[in-house]
Amino acid sequence: MAYHSVIIGCGSYLPERVVENKELAATVDTSDEWIIERTGIHRRHIAADGETTCDLAHAAGLAALQNAGVRAEDLDLIVLATATPDHTFPATATQVQARLGMMKGAAFDVHAVCSGFIYALAVADNFLKAGQAKNALVIGAETFSRILDWKDRSTCVLFGDGAGAVLLQRQDGAADVGSPGVISTHLHSDGRYKDHLYVDGGPSSTQSTGYLRMAGREVFKHAVTNLASVVNEALESNNVSADQIDWVVPHQANQRILDATARKLKLDPARVISTVANHANTSAASVPLALSTAVGDGRIKRGQLLILEAMGGGFTWGSSLVRW
Ligand code: ACO
């Protein structure tokens, strides 16, 4: 029996506290104008003291369950993408599972930094296609504020905290570009570029959490090339042309990356969902957060064709073609 998966609901959660660029300019040598001009970011949400990735993931997961009309006890899979887990172990996904009151199935974390949600979606989609699960909660959740060096102006202005989630349900028959569902996923990684974007700590290397380090210009260049290439890969492998895409739902790293990628792909910028101004870069949470925002405000409608894409540390990058 062939199966495919359909996204039947989505949800998101943002911490209450909003930090405007001006507030950062009071502590590091930067300005509202510089941040807006170079990144398009105006503000970001920052988790409260004691508020963890699990809290954010749980809230977004609950919102997706409610939106889908599925009960937690009907879930049999949670895949949580995060680079900022509550603990080295157990996986944050298992703590979300416990809080949701889900007693069966499997829950685990996937780690691909900013591409994490696309990786988690691909993993869950393949579990469902293999018939190994029926209802999967796929979450991207991060508290990047905890791994930022707040004295480093070249990185601390770029990121925010948040979570987004989708409910993936198995349905009979193979995926088809004309029907709702996850049509395809394409994933890539290239570990040679670790030094361009990494955290300088970890349990096995330094026995500390460490801080995010980045060569911004290098990352920028690779991001535009890799994102354009993995979007083209999705289009070509499904025989879909760029003008058939209703919405691009990209990883929200920087408005200039969104614009440059759209230009390279000859995509109308008006069809690119952008939430980076209000959320900044929330890593694995950014794609499901952007998706939930655009579904919530009515831009994304049932039946439309979406391309999801992301690129992050590793490097990792990926895309998914979805009929909403
Ligand atoms: N405020 C003011 N000045 C700053 C700041 C700041 N916050 N940060 C850096 N500068 C300064 C630099 O020190 C430098 O000064 P100098 O010329 O005197 O040395 C100057 O601004 C230019 O720095 P660049 O790094 O060359 O600036 P650039 O135009 O490349 O913009 C940025 C930097 C925004 C980081 C850009 O490279 C970028 O967006 N890169 C992509 C990185 C990214 O999004 N990473 C996220 C994770 S990966 C992903 O999600 C795809």
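Which residues of helix 7 are buried? I started my notes with that one, keeping in mind that this is a predicted model.

**Helix 7**

I went through helix 7, residues 216-237, and got this buried set: Val219, His222, Ala223, Val224, Asn226, Leu227, Ala228, Val230, Val231, Ala234 and Leu235. Residues three or four places apart on an α-helix point the same way, because there are 3.6 residues a turn.

Next I looked for what lies over those buried residues. The cover includes strand 8, strand 9 (197-199), strand 10 (212-214), helix 8 (255-265), strand 12 and strand 13.

I also did a length check. With 22 residues at 1.5 Å a residue, helix 7 should span 32 Å, and I get 31 Å between its end C-alpha atoms, so the two agree. Just past the helix, Asn239 has a positive phi of about 55°.

**The 8-13-12-11 sheet**

I traced an open sheet of 4 strands in the order 8-13-12-11, with mixed pairing. Strand 8 (181-189) and strand 11 (247-250) are the edges; each has a single partner strand, so one side of each has no neighbour in the sheet. On average, neighbouring strands here are turned by 15° against each other, direction ignored.

I then zoomed in on strands 8 and 13. They run antiparallel and are joined by 8 bridges, with strand 13 covering residues 316-323. Ser184 sits opposite Leu321 of strand 13. Helix 5 (residues 116-129) packs on this sheet and touches strand 8, strand 12 (305-312) and strand 13. The direction of helix 5 makes about 125° with that of strand 8.

**Ser319**

Is Ser319 buried or exposed? Ser319 belongs to strand 13, and it counts as buried because its relative accessibility is 0%. I checked where its side chain goes: it reaches the backbone oxygen of Val230 at 2.9 Å.

Leaving aside neighbours within four places in sequence, I find Ser319 in contact with Ile118, Ser184, Thr185, His186, Val230, Val231, Ala234, Ile307, Leu308 and Glu309.

**Nonpolar core**

Last stop was the largest nonpolar core, which has 34 residues. Those with the most contacts inside it are Val166, Leu168, Val249, Ile300, Leu306, Leu308 and Trp324. I noted which elements give two or more residues: strand 1 (3-13), strand 4 (77-81), helix 5, strand 6 (135-143), strand 7 (161-172), strand 11, helix 10 (286-296) and strand 12. Which element gives the most to this core? I get helix 5, with 7 residues.

Definitions and conventions
Residues numbered from 1 in each chain as written. Predicted model: local features only at pLDDT ≥ 70, side-chain atom pairs only at ≥ 80, totals over all residues. Heavy atoms only, no water. Pairing = 2+ DSSP bridges. Axes fitted to C-alpha atoms, helices over the stretch in contact; angles between N-to-C directions. Contact = heavy atoms within 4.5 Å. Expected span 1.5 Å × (residues − 1). Buried < 20%, exposed > 50% of the residue type's maximum accessible area, 1.4 Å probe, protein only. Polar contact = N/O pair within 3.5 Å; in protein donor to acceptor, adjacent residues only side chain to side chain. Core = buried A, V, L, I, M, F, W, Y, C linked by side-chain atoms within 4.5 Å.
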